[in-house]
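Good morning, and thank you for coming. Please look at the model on the screen while I take you through a few of its features.

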Amino acid sequence: MATASPVARVALVTGANQGIGLEIVRQLCRKFEGTVLLAARNVDKGQSAVMELMSEGLQPVFLPLDVDSEESILAAKEAVQISFGRLDVLINNAAVMFRKSSGLSLADRGNRSIMTNYHGVLNVINAFWPLLQPDSRIVNMGSGLGRITHVSKEIQEEILAPDLTTEKLTTIMDRYVGDCQLTEEEYSTKGWPPVDGDYGAYSVSKIGVNRLTELFAEKITADANQPGVLINTVKCILVG
């Protein structure tokens, strides 16, 4: 990986080899004063995306990063620390969505959605936290499907509880994964989105991301070592 000067700012976008992530990298390369890291789990696709942008006169830097792998996340963090020593913008874009028509079981859809969309965001933020500079920005990609009204009032109360912690939220997300392994009849009594819906697992994962963002905002407020750092979610609307 290329090394920037010690004062150069650094932005990182996960899941950036295609779609929204690729476009975010494109716009950052045009407007951000610093190095833009295009992160993707697939090396060939990531490098191909970098070549595409370079053909447009842009200069992103490829960073291998699989948000499903804690080992990959830590390796990416070490690479950024060695090459740049800092991170100024972190955009958690990597996500998966499986419709019921995908052929995957509810258990698989639930497990893979929570692993990538929730745990991926949590683990990436935790890993890169020490590299964040004063006035850094963290952006988590949300969704219009992440409305908390998609789950029962009882689960809503758990998630919105004033004393909720990251650990408690993670337990709720993991409980959903466990409930996805139940029979459809048993699952239907647990308060999660309907089993016959297309976006249930994705919706639950984004509910988790929304609340996780709020919890990290509280942590930033209380952390004197992170002055000026801001975190927010950007809602993407699914069309089609």
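Predicted model: local features only at pLDDT ≥ 70, side-chain atom pairs only at ≥ 80, totals over all residues.

I begin with a pair of strands: β2 (residues 34-40) and β3 (residues 61-64) run parallel and are joined over 4 bridges. Two strands count as paired if DSSP finds at least two bridges between them. Helices (H or I, at least four residues) and strands (E, at least two) are DSSP runs, numbered from the N terminus. Ala40 has Pro64 in β3 as its bridge partner. Between β2 and β3 the chain passes through helix α2 (residues 43-54), giving a right-handed β-α-β crossover; with the strands pointing away from the viewer, the path from the first strand over the helix to the second runs clockwise.

Residues are numbered from 1 along each chain as its sequence is written, and side-chain values use heavy atoms, leaving out hydrogens and water.

Next, Arg86, which sits in the loop between α3 (70-83) and β4 (87-92). Is Arg86 buried or exposed? Arg86 is buried, because its relative accessible area is 15%, and buried means under 20%, exposed over 50%, partly exposed in between (1.4 Å probe, protein chains only). Its side chain makes a polar contact with the side chain of Asp88 at 2.7 Å. Such a contact is a pair of N or O atoms within 3.5 Å; within protein, one must be able to donate a hydrogen and the other to accept it, and residues adjacent in sequence count only if both atoms are side-chain atoms.
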